[in-house]
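Subject: Structure for you to look at

Hello,

I am passing on the structure we talked about, with the sequence alongside. My notes on what I found follow below.

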Amino acid sequence: MDGDDFQLAGGTSWLFAREELAGKFDYIFIDEAGQVALADALAVSQCARNVVLLGDPSQLAQVSQGRQPIHAGDSVLQHLLGDAPTVPPNRGIFLDVSYRMQPEICAFISDAMYENRLQPAPPTKLHRIELEGRILAGLYFIPTDHTGSGTSSVEEANEIVSRIALLRERGRVVDSKPEQSAGTPRPLTNRDIIVVTPYNAQRRLILQKLHDAGLSVEVGTVDKFQGQEAAVVFYSMATSSGDDIPRGVEFLFERNRFNVAMSRARAASELVCSPRLLDIPCRTPEEMVLVNLLCAFVEDAKLVFEQGLSVA
């Protein structure tokens, strides 16, 4: 960047932390502030008289490979908000309307993560999947029995591939997007589905199963899909029971991870997991809070086989 002949500039923290840019701007907007460390935010803030933080503390935090003392690794939003799950009126503006999530999905996410402050925009009532004369919209639980699985489950992978095959063959999407002829059913495509899982081993297994079935759908961990969306989201937890959890309850049941996975959906969020995960013995109040989120989802969700959608 040469000279001062500009009104708008964009870049990473490495650009705006440069000494020669000190005081050059009226405002600096820090995007995804829930993933920006306090130290980075302070470094770039010197370039402007006003700092605006944009982000969601209830989504995934900054990726870190080390532990920092006294919360030094917390994001700038975490420092600003403390334990508050949403922005208090005296600290900022809470964007309280979702234009993505179908109302049932939004209601669950709002209650679980956002103090019931998040509301669905009226057009989201259109969001649905039409399948064999039935309507898919909202939360779905697909209980899948298996034993001895840690980071991958063949049973869950097979179940998801079968469901995707059915959706691709017979499913139609109704959405509110003007470019998709709002309110008019259209054929469901590969891009309308994403599969999310906590573990790379399950990601690879599902990808292989999809490839073998001649299907091409995006599969990834939660980190990959933050900020993305699809009409239908499958979330495969892979682990059979509390005895099989490889990285602890804190990872598999992390609230922000679950929030990001389920809130990617425009029409249907489908949880695929072993029902024994609902009965995990909790050793601490913190673990009870984590597991309770999964139980709350299942309590609100519709059982898929009750919809007559089994594809045996």
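Please keep in mind that this is a predicted model.

Strand S12, residues 230–236, and strand S13, residues 265–273, run parallel and are joined by six bridges. In this part of the sheet, Ala-230 lies opposite Ala-265 of S13.

These two strands belong to an open sheet of six strands with parallel pairing, in the order S11-S10-S12-S13-S7-S14. Its edges are strand S11 (218–220) and strand S14 (302–303), each of which pairs on one side only.

Helix H4, residues 103–113, packs on this sheet and touches strand S7 (138–143), S13 and S14. The direction of H4 makes about 80 degrees with that of S7.

Some details on H4:

- Its buried residues are Ile-105, Cys-106, Phe-108, Ile-109, Ser-110, Ala-112 and Met-113.
- The buried residues of H4 pack against S7 and S13, and also against strand S3 (97–98), strand S4 (119–120), helix H9 (255–262) and helix H10 (285–300).
- At the start of H4, the backbone nitrogen of Glu-104 has a side-chain oxygen of Gln-102 within 2.8 Å.
- Just after H4, Glu-115 has a positive phi of about 55 degrees.

Is S10 covered on one face or on both? Both faces are covered: Ile-193 and Val-195 are buried on one side, and Ile-194 and Val-196 are buried on the other.

S10 has a parallel partner in S12, with four bridges between them, and another in S11, with three bridges. In S12, the bridge partner of Val-196 is Tyr-235, while in S11 Val-196 stands opposite Gly-220.

The chain goes from S10 through H6 to S11, forming a right-handed β-α-β crossover. Helix H6 (residues 200–212) packs on the sheet as well, where it touches strand S10 (193–196), S11 and S12. The direction of H6 makes about 160 degrees with that of S11.

Best regards

Terms used
Residues numbered from 1 in each chain as written. Predicted model: local features only at pLDDT ≥ 70, side-chain atom pairs only at ≥ 80, totals over all residues. Heavy atoms only, no water. Pairing = 2+ DSSP bridges. Contact = heavy atoms within 4.5 Å. Axes fitted to C-alpha atoms, helices over the stretch in contact; angles between N-to-C directions. Buried < 20%, exposed > 50% of the residue type's maximum accessible area, 1.4 Å probe, protein only. Polar contact = N/O pair within 3.5 Å; in protein donor to acceptor, adjacent residues only side chain to side chain. Right-handed = clockwise from strand over helix to strand, strands pointing away.
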